[in-house]
Amino acid sequence: MIIFKKIPDIKKYISGKKTSRQRVGFIPTMGALHEGHLSLIDKAQKDGLLTVCSIFVNPTQFNDKKDLEKYPVSTEADIELLVGVGCDVLFLPSVGEIYPGGETATKTFDFGYLDTILEGANRPGHFRGVGQVVARLLEIVEPDNLYLGQKDYQQCMVLRKLVEILGLKELQVVICPTVREADGLAMSSRNRRLTEPQRAIAAVIYQCLVSIESKRNTSSFEMVRKQCEELLAAKGFVPEYVALANANNLELMNEYSGDAPMVALIAAKIGEIRLIDNMLV
C-alpha cells in the first residue's frame with residue numbers, strides 16, 4: 001500500500017493509473033477503522049477497482065467540538081488493517097492540505113430537505129461539513145465508484161445529492177450493507193467509547209429496528225414507535241428519534257406504506273455516546 005499526504009502526489013499517481021485504464025474505487029473514512037470499513041474495500045476489490053481509502057477527521061462536520069476532541073484516532077492500527085486487506089492507496093492529509101484557505105473558505109452546498117430532518121435537525125451544520133469535505137476529496141481522487149456504508153443512511157442520500165449537484169454523471173455511488181456485531185449492533189467507530197455495561201445493552205437499537213420491520217403488517221407505526229421509545233428509555237437511552245421514511249427520498253412517514261419502499265431510522269444517546277442505525281422495511 002502506498003501512503004500519500006500531499007494532493008499533487010496522489011493526483012499524479014492516480015492519473016498515471018487512469019492512463020493505463022485502471023478504474024478507481026474510493027472509500028472516504030475518518031479512521032478508527034472496523035469491519036464495516038473493510039467490507040467497502042472488499043467490495044471495491046471484487047469490482048476490480050484500484051482501492052483508494054482516505055483517513056481524515058473532518059473538523060467541519062462536528063457541530064459539537066467536544067465530540068471532535070473525543071473522536072477515536074488509531075492511525076497506526078488503521079494502516080495495519082488496510083495493509084492486511086490489500087488496500088492499494090491511503091490518502092492521509094492534514095487539515096491544512098484539505099482546507100488550504102481555511103475551513104470557512106471552502107465551498108459548501110445546500111442539500112435542502114435532507115438537511116432539515118433527523119440527523120440534519122439534530123446536528124446543525126453536520127451535512128454541510130460532510131458535503132464540504134467529500135467534494136474536496138472527490139476533486140482530488142476523481143474516482144469511478146464511491147463506496148459508502150448503509151449505516152449512515154441519510155449521509156448516503158446527502159452524498160448522492162452532492163454527486164448530482166457536482167454534475168458527476170459518471171460517478172457511481174455504491175451503498176453497501178451495514179456490518180453488524182453478533183448481537184446486531186451496527187459496527188461504528190463510536191462503539192469504542194462504550195463502557196462494558198453500555199455495550200451490553202447497545203443492541204437494543206437493532207432490536208427496535210427488527211420490531212419495526214416485523215410489525216409492519218400487524219401494528220400501526222405510531223404504536224411501534226411508542227414501544228421502541230419506551231424500551232430505549234427503560235434501558236437507559238435517551239431517544240432522539242425513531243422514524244419511518246420513504247427509502248428513496250427520506251420523506252418522513254407517519255404510517256407504514258403498502259407500496260413505497262421504507263427505511264426505519266433510530267438515533268439515541270447512552271451517556272455521552274450517540275448511536276444511529278437503520279433498517280430497510
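1. A residue is called buried when its relative accessible area is under 20%, exposed when it is over 50%, and partly exposed in between. Arginine 128 has a relative accessibility of 45%, and therefore counts as partly exposed. Please keep in mind throughout that this is a predicted model.

2. On the overall fold, the secondary structure of the protein amounts to 11 helices and 10 strands. The radius of gyration is 19 Å, close to the 19 Å that the globule rule gives for 281 residues, so the protein is as compact as a globular protein of that length. The C-alpha trace spans about 55 × 40 × 40 Å along its principal axes. Among contacts between residues at least 6 apart in sequence, 75% join residues at least 24 apart.

3. On burial and surface, 51% of the 281 residues in the protein are buried, while the accessible surface comes to about 13,100 Å², of which carbon and sulfur atoms account for 50%. As to charge, there are 33 positive and 35 negative side chains, and the centres of these two sets are 3 Å apart.

4. Where does asparagine 58 lie, and what does its side chain meet? Asparagine 58 is placed in the loop between strand 3 (50-55) and helix 3 (65-70), and with a relative accessible area of 1% this residue is buried, because the cut-off for burial is 20%. The side chain of asparagine 58 makes a polar contact of 3.0 Å with the side chain of glutamine 61. Setting aside residues up to four places away in sequence, asparagine 58 also touches Met30, Tyr99, Gly129, Val130 and Val133.

5. The C-alpha atoms of arginine 128 and threonine 60 are 7.9 Å apart in space, although the two residues are 68 apart in sequence.

6. Alanine 32 has a phi near 50°, which is a positive value in a residue other than glycine, and alanine 32 sits in the loop between strand 2 (24-29) and helix 2 (35-46). Leucine 118 likewise has a phi near 50°, again positive in a residue other than glycine, and is found in the loop between helix 5 (95-98) and helix 6 (119-122). Is each of these residues buried or exposed? Alanine 32 counts as buried at 1% relative accessibility, and leucine 118 is buried with a relative accessible area of 8%.

7. Asparagine 278 is part of strand 10 (residues 273-280) and is buried, having a relative accessible area of 2%. A polar atom of the side chain of asparagine 278 lies 2.8 Å from the backbone oxygen of glutamine 150. Not counting residues up to four places away in sequence, the residues that asparagine 278 touches include Gln150, Lys151, Asp152, Tyr153 and Arg180, and also Leu209, Val263, Ala264 and Leu265.

8. Isoleucine 266 is found in strand 9 and is buried, with a relative accessible area of 0%. Leaving aside neighbours within four places in sequence, isoleucine 266 is in contact with residues including Ile205, Cys208, Leu209, Ile212 and Leu232, together with Tyr241 and Val242, and with Leu275, Ile276 and Asp277.

9. Alanine 268 is also a residue of strand 9 (residues 262-270), and at 0% relative accessibility alanine 268 counts as buried. Which residue lies 5.4 Å from alanine 268, C-alpha to C-alpha? That residue is valine 238, which is 30 residues away from alanine 268 in sequence. Apart from neighbours within four places in sequence, the contacts of alanine 268 include Ile205, Phe237, Val238, Pro239 and Glu240, as well as Ile273, Arg274 and Leu275.

Definitions and conventions: Residues are numbered from 1 along each chain as its sequence is written. This is a predicted model: local features need pLDDT of at least 70, side-chain atom pairs count only at pLDDT 80 or more; totals for chains, interfaces and linings use all residues. Side-chain values use heavy atoms; hydrogens and water are left out. Helices (H or I, at least four residues) and strands (E, at least two) are DSSP runs, numbered from the N terminus. Buried means under 20% relative accessible area, exposed over 50%, partly exposed in between (1.4 Å probe, protein chains only). A polar contact is a pair of N or O atoms within 3.5 Å; within protein, one must be able to donate a hydrogen and the other to accept it, and residues adjacent in sequence count only if both atoms are side-chain atoms. Contact means heavy atoms within 4.5 Å. The radius of gyration is taken over C-alpha atoms; the globule rule is 2.2 Å times the number of residues to the power 0.38. Accessible areas come from the Shrake-Rupley method with a 1.4 Å probe; for residues, only the protein chains shown count as cover. Lys and Arg count as positive and Asp and Glu as negative; His and the chain ends are not counted. The place of a charge is taken as NZ of Lys, CZ of Arg, CG of Asp or CD of Glu.
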